[in-house]
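Me: I'm new to this and a bit lost. Could you pick one part of this model, take a close look at it, and then show me what else goes with it?

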Amino acid sequence: MAVIDKIRQLIPPLSSGYHKGQAGRVCVVGGSDEYTGAPYFSSFSALKLGADMAFVVCQPTAAVAIKSYTPDLMVHPYLRRSDDTDKTSEEIINNVAKLLPRLHVMVIGPGLSRDNMMLECAKGIIAKAKEKDLPLVIDADGLYLIQNHPEIIKGYPNAILTPNVAEFKRLCEEMKINFEDNHKDKMAGLLSQAFDGVTIVQKGQYDLISNGNEVFKVDNEGGLKRCGGQGDILTGLIATFMAWGSAYHNKLWQHDNLISPSEVPMLASYAACTLTRECSRSAFKKFGRSVQTSDMINEIGPSFKKLYER
């Protein structure tokens, strides 16, 4: 309950005194020829939780599809693949960097693909975001990038990695950690320590969250269908809670200032994991075996109200 009480303190009260964007500006970097659903699920989930604005940086072909899903997202067709020759990686990175002053948090990876040019751009965007001390949530092919270049995120306390079982094992191998199923509850902490304090969200039958010093376990009931895209929803929810953490420390509203910035990644991850599971449970209850990730999005508002609304 102490964790839940702290999370509720991070949530901005609704007020007619705020202006557009103050309650969260999130950007998702991803979206390619093959994958357009993942960046949509991530960015739209951020909005459905309560972020004011969500941007998507993607390939031009993906931009057409993502724009057709909803008019609520601002879609920037900046990314290019290796066989595109109209832009250099430096030009792309600099274009994306112009967005950074407008953002509270970035999500890197949903639908990114493993194309070399796309990965090189993501690497440069991460470096630019770190210069601004911008919170980063990294998933999917963003984790593939980290697996091959762990130095770009190691020691950055404003980063959250959200690996599934296979991704977690590969990260452990890269960081020279002997993965043992019988010591699962200790592994997230060990991996976080190997990354010098980066927050790890180890997804699974139950989720383990660690910053190397403490571990949160999330085991509230979820649905029984493991459809693709649920991890993308999680990244969008983490991003909004992280954005609210920034608003909290920028004193958007009056509060006692009892939560330190270093606590926010753990709290945001815990809140998002519990909420994702509740959305999954609620959607599965309605649709059973036929449930899809798009059904979960409609449960974000009611599930948030049940778990965290003041």
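**A crossing of two helices**

Reply: Let's start with helices H2 and H9, whose crossing is right-handed. The rule goes like this: if the near helix is turned clockwise from the far one by less than a right angle, the crossing is right-handed, and if anticlockwise, left-handed. Contact here means heavy atoms within 4.5 Å. On the H2 side, the contact is made by Ala-38, Phe-41, Ser-42, Ser-45, Ala-46 and Leu-49. H9 brings Asp-232, Ile-233, Thr-235, Gly-236, Leu-237, Thr-240, Phe-241 and Trp-244.

A word on where this comes from: the model is predicted, so local features need pLDDT of at least 70 and side-chain atom pairs count only at pLDDT 80 or more, while totals for chains, interfaces and linings use all residues. Residues are numbered from 1 along each chain as its sequence is written, and side-chain values use heavy atoms, with hydrogens and water left out.

Helices (H or I, at least four residues) and strands (E, at least two) are DSSP runs, numbered from the N terminus. Two packed helices are described by the angle between their axes and the distance between the axes. Axes are lines fitted to C-alpha atoms, for helices over the stretch in contact, and angles run from 0 to 180 degrees between N-to-C directions. For H2 (residues 37-49) and H9, the angle is about 40° and the axes are 7 Å apart. H2 and H9 are therefore oblique to each other. (Under 35 degrees is roughly parallel, over 145 roughly antiparallel, 65 to 115 roughly perpendicular, and the rest oblique.)

Now stay with H9, which covers residues 230-249 and includes Ala-247. Ala-247 is buried, because its relative accessible area is 4%; buried means under 20%, exposed over 50%, and partly exposed in between, using a 1.4 Å probe and protein chains only. Leaving aside neighbours within four places in sequence, Ala-247 touches Gln-22, Leu-252 and Trp-253. Ala-247 and Gly-142 are 105 residues apart along the chain, and their C-alpha atoms are separated by 26 Å.

Gly-236, one of the H9 contact residues, leads us to another helix. Its C-alpha atom is 20 Å from that of Val-165, 71 residues away along the chain. Val-165 belongs to helix H7 (residues 165-174) and is partly exposed, with a relative accessible area of 48%.

H7 packs with helix H8 (residues 184-194) at an angle of about 50°, with the axes 10 Å apart. H7 and H8 are therefore oblique to each other, and their crossing is left-handed. Phe-168, Leu-171 and Cys-172 of H7 meet Met-187, Ala-188 and Leu-191 of H8.

One more helix residue: Arg-277 sits in helix H10 (residues 264-287) and is buried, with a relative accessible area of 11%. Its neighbours in contact, beyond four places in sequence, include Tyr-206, Asp-219 and Glu-221. The Arg-277 side chain also reaches the backbone oxygen of Gln-205 at 2.8 Å.

Finally, the strands: nine of them form an open sheet in the order S3-S2-S1-S4-S5-S6-S7-S8-S9, with mixed pairing. Its edge strands, S3 (74-76) and S9 (215-218), each pair on one side only. Two strands pair if DSSP finds at least two bridges between them. S4 (residues 105-108) and S5 (residues 136-138) run parallel and are joined by three bridges; in S5, Leu-136 is the bridge partner of Met-106.

Technical notes
A polar contact is a pair of N or O atoms within 3.5 Å; within protein, one must be able to donate a hydrogen and the other to accept it, and residues adjacent in sequence count only if both atoms are side-chain atoms.
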